[in-house]
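Good morning, colleagues. I ask you to look at the structure on the screen while I go through a few of its features.

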Amino acid sequence: MRDRAGMAQGLVMGMAALAAPLALPAPAVAQAAVAPAPSTGGGIDIAAATSTRALGSGNAPVVIEEYASLSCPHCAHFEETMLPRLKADFINPGQVRFIFHDTPTNRVGFLAHMATRCLPVGSYNDARSLLFSTQDQWLGAKDPEAGLKEMMGMAGLPAPAYDACVASKPIQDYIAASSQEATEAKVEQTPTLIIRKGGKEVDRIAGPNDYDKLAAALIKAGAKAPKK
């Protein structure tokens with residue numbers, strides 16, 4: 001997991017590597033400079049790109065807000081090991097709505113969050129899962145940004161569209177604002193799950209690694225226990 005100190009260090013290193021960094025609000029949990037020459041839109045459907053990404057019914061009695069980074073190994077572990085059970089037990093039965101928040105922790109993560117937003121809404125979840133499951137490949141590449149660009153091509157975002165996406169100032173601003181929201185919510189590490197009932201926070205789990213503990217918190221918040 002990435003704590004505040006680690007994320008801040010990653011941010012400083014990422015920004016120092018740029019000749020003309022993009023200014024983002026401080027002190028967001030996950031600020032990272034991106035393209036030095038942003039465009040105003042690049043033909044991207046900004047409304048669609050910045051719409052809410054979520055799983056589950058909007059009428060679910062309990063809401064989980066997940067603050068995660070696409071370049072965070074612990075976030076990938078949660079995605080691969082706990083989210084499938086969460087879907088089966090609570091999300092698919094209509095008991096929990098799961099809302100994704102873009103919380104990048106470094107420059108390449110910022111680019112990854114931008115790129116997934118530029119895919120059609122219906123492709124977002126698959127792209128997110130692809131990036132998490134292949135983190136070792138694109139993050140471990142000699143040039144992680146080139147590795148990310150190649151992986152996004154496999155997800156359905158060709159190189160010209162990728163370039164337009166990461167140069168889009170509205171998308172940059174949206175991810176920066178999402179990072180600022182994480183700071184305002186006092187999110188200090190990724191992943192963090194905030195559990196809400198009726199719009200109010202009733203619990204939060206930083207660095208979730210115990211599914212039974214998460215399930216118990218959801219049931220306490222008002223979700224029905226899964227059928228055996």
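**Aromatic rings, cores and sheet**

There are three aromatic pairs in this structure, which is a predicted model. A pair of aromatic rings is described by the distance of the centres and the angle of the planes. Let me begin with phenylalanine 78 and phenylalanine 98, whose rings are stacked, at 6.3 Å centre to centre and with 15 degrees between the planes. This pair links distant parts of the chain: phenylalanine 78 belongs to helix H3, residues 73-81, while phenylalanine 98 belongs to strand E4, residues 96-102. The two are 20 residues apart.

I turn now to the nonpolar cores. The largest holds 29 residues, and those with the most contacts inside it are Leu131, Trp138, Leu148, Met152, Leu157 and Tyr162. Which elements give two or more residues to this core? They are H3, helix H5 (107-117), helix H6 (124-133), helix H8 (144-155), helix H9 (159-166) and helix H10 (169-184). H5 provides the largest share, six residues.

Leaving aside residues up to four places away in sequence, methionine 152 touches Ala115, Thr116, Leu119, Leu131, Leu157 and Tyr162. Another core lies apart from the largest one; it has 23 residues, including Leu86, Phe90, Tyr211 and Leu214.

Finally, the sheet. Strands of a sheet pair through backbone hydrogen bonds, either parallel or antiparallel. Here five strands form an open sheet with mixed pairing, in the order E2-E4-E3-E6-E7. At the edges are strand E2 (54-55) and strand E7 (200-206), each of which pairs on one side only.

How do strand E3, residues 62-68, and strand E6, residues 192-197, run, and how many bridges join them? They run antiparallel, and six bridges join them. Within E6, lysine 197 stands opposite valine 62.

Thank you for your attention.

Note on methods:
Residues numbered from 1 in each chain as written. Predicted model: local features only at pLDDT ≥ 70, side-chain atom pairs only at ≥ 80, totals over all residues. Heavy atoms only, no water. Phe/Tyr/Trp six-rings, centres within 6.5 Å; stacked < 30°, edge-to-face > 60°. Helix = DSSP H or I, 4+ residues; strand = E, 2+ residues; numbered from the N terminus. Core = buried A, V, L, I, M, F, W, Y, C linked by side-chain atoms within 4.5 Å. Buried < 20%, exposed > 50% of the residue type's maximum accessible area, 1.4 Å probe, protein only. Contact = heavy atoms within 4.5 Å. Pairing = 2+ DSSP bridges.
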